[in-house]
Amino acid sequence: MTRKLSLAQARRVAIAAQGLDRPRPSTVTMRQVMGTIDRLGLLQIDSVNVLARAHLLPLFARLGPYHTSLLDMAAGRAPRRILETWAHEASYVPTTTFPLLAWNRRRWGRMDADALETRQPGLLSVVRGVVADHGPLTSREVGGYVEPQLAQRADEGWGWRWSEVKNALEILFDAGELTPARRNAQFERVYDLTERVLPPRMRGLTPPDPDDAVRELVRISARAHGIGTVRCFADYFRLGQRVTQRAVDELTDAGELVPVTVKGWDRPTWLAAGTRVPRDTSARALLAPFDPLVFERRRLLELFGMHYRIGIYTPAHLRTHGYYVLPFLLGEHLVARVDLKHDRERRVLLVRSAFAEEPGPDDAAAATWPSPAEVTGELAAELKVMADWLGADAVVVAEDARGDLVEVLTKEGARAPRA
């Protein structure tokens, strides 16, 4: 018999699977950082730094204030515990997950090695040799060795200008020959030979069979979701629907995934075997736009009733809630969303908008929805914790801030001058 879950149970499963319902430690250690990354399976990387780097925020949401140097050490010092690769997008993954993604390459137009070889014969070999002889190096540093030998040329794409050397580095990165040894202070990739970046125990290992790799990636994704559909599980590591469905079928046959139904969902759904179904949750967290809980927008809408889009990709006049908008999780609900900026010059955490959410999407949500006073009080408290972690002296509300929570949040702090 297929197990039946209410939408509220599914919400609580999703929150617990992501580790968002656990008490935050008083002191965060490397072990706790790595335990959280292992639970999530990945941390998406993004260059936008209006608040903090994208990969830093999911750890704060789950662990509270921590020294970001722990993540720098995990990514950039031997023995490396995490490596950068292409997963959901550019992401940090545990070293054990890194080989599972070697077969799954980007399909961008500029990732054409043959086309680059036609334009710049021998460039890939030259760039590989420069990194081998002088690495780890940034793209600019590699260019300093190589570009005097090349016809000066740049390709347009996605609003960036990539030199041919950058194209070559990314093709070699995509092929697994180069891997970022770390990110520098300017957040540039510092490339090295993959064999020098990998921990010694992983060097020379035979790459896993693609079918085995997909099965393990779906296993990781299912564990991180707790509950989800094939679409959910595929999206986590950007896998194809067909290979994901095959892996789901195999894991179901093995008893690792359990078919379930969720009230209001019209798609086949699975629960990771052994996943707990909490009776309640006291979660409280600000979720960054690249937090794993909000990756899959349809799932977010169906579970929490929030139609969510990232404002950074939307022209300013079309943004409904702001530029860098974080949903606020309280209990089992997403009860608000706030547009935040870390104003480093003034040393403040700036609230640029704050909107309350309505209960939904199920009738039971209203019964457990926190009161307006609880929402604003807990949100103000979480903003203060975030400000302290960022090194900001205060939380302030911008003079031109928008949203129905602005007035009450203003009472909790000071009003900032118009930027």
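View 1. Strand 15 (residues 348-356) is largely enclosed by the rest of the structure, because 7 of its 9 residues are buried, where buried means under 20% relative accessible area, exposed over 50% and partly exposed in between, with a 1.4 Å probe and protein chains only. The model is a predicted one, in which local features need pLDDT of at least 70 and side-chain atom pairs count only at pLDDT 80 or more, while totals for chains, interfaces and linings use all residues. Residues are numbered from 1 along each chain as its sequence is written, and side-chain values use heavy atoms, with hydrogens and water left out. Helices (H or I, at least four residues) and strands (E, at least two) are DSSP runs numbered from the N terminus, and two strands pair if DSSP finds at least two bridges between them. Strand 14 (residues 333-343) runs antiparallel to strand 15 and is joined to it by 8 bridges, with His342 opposite Leu349. These two strands form a hairpin with 4 residues between them, and Arg347 in the turn has a positive phi of about 60 degrees. Strand 16 (residues 394-402) runs parallel to strand 15, with 5 bridges joining them; Leu350 has Val396 as its bridge partner there.

View 2. Four strands form an open sheet of 4 strands in the order 1-10-11-9, with mixed pairing. Strand 1 (3-5) and strand 9 (227-228) stand at the edges with a single partner strand each, so one side of each is left without a neighbour in the sheet. Strand 9 and strand 11 (residues 269-272) run antiparallel and are joined by 2 bridges, with Gly228 opposite Trp270. Helix 1 (residues 7-17) lies across strand 1, strand 9, strand 10 (257-262) and strand 11, running at about 90 degrees to strand 1; here axes are lines fitted to C-alpha atoms, for helices over the stretch in contact (heavy atoms within 4.5 Å), and angles run from 0 to 180 degrees between N-to-C directions.

View 3. Rings of Phe, Tyr and Trp (its six-membered ring) pair if their centres lie within 6.5 Å, with planes under 30 degrees apart counted as stacked, over 60 as edge-to-face and the rest as tilted. By this rule there are 4 aromatic pairs, among them the stacked pair of Phe60 and Trp389, at 4.6 Å centre to centre and 15 degrees between the planes. The pair links distant parts of the chain, since Phe60 belongs to helix 3 (residues 57-63) and Trp389 to helix 15 (residues 372-390), 329 residues apart. Both Phe60 and Trp389 are buried, and together with Tyr66 they form one aromatic cluster.

**View 4. Nonpolar cores.** A nonpolar core is a set of buried Ala, Val, Leu, Ile, Met, Phe, Trp, Tyr and Cys residues joined through side-chain atoms within 4.5 Å. The largest has 113 residues, and those with the most contacts inside it are Leu51, Tyr324, Leu340, Leu349 and Met386. Helix 15 gives the most to this core, with 8 residues, while apart from it lies another core of 26 residues, including Ile15, Ile227, Trp265 and Leu271.

**View 5. A buried loop residue.** Thr97 lies in the loop between strand 4 (90-94) and helix 5 (113-119). Thr97 is buried, with a relative accessible area of 4%, and touches Leu217, Ile220 and Phe237, not counting residues up to four places away in sequence.
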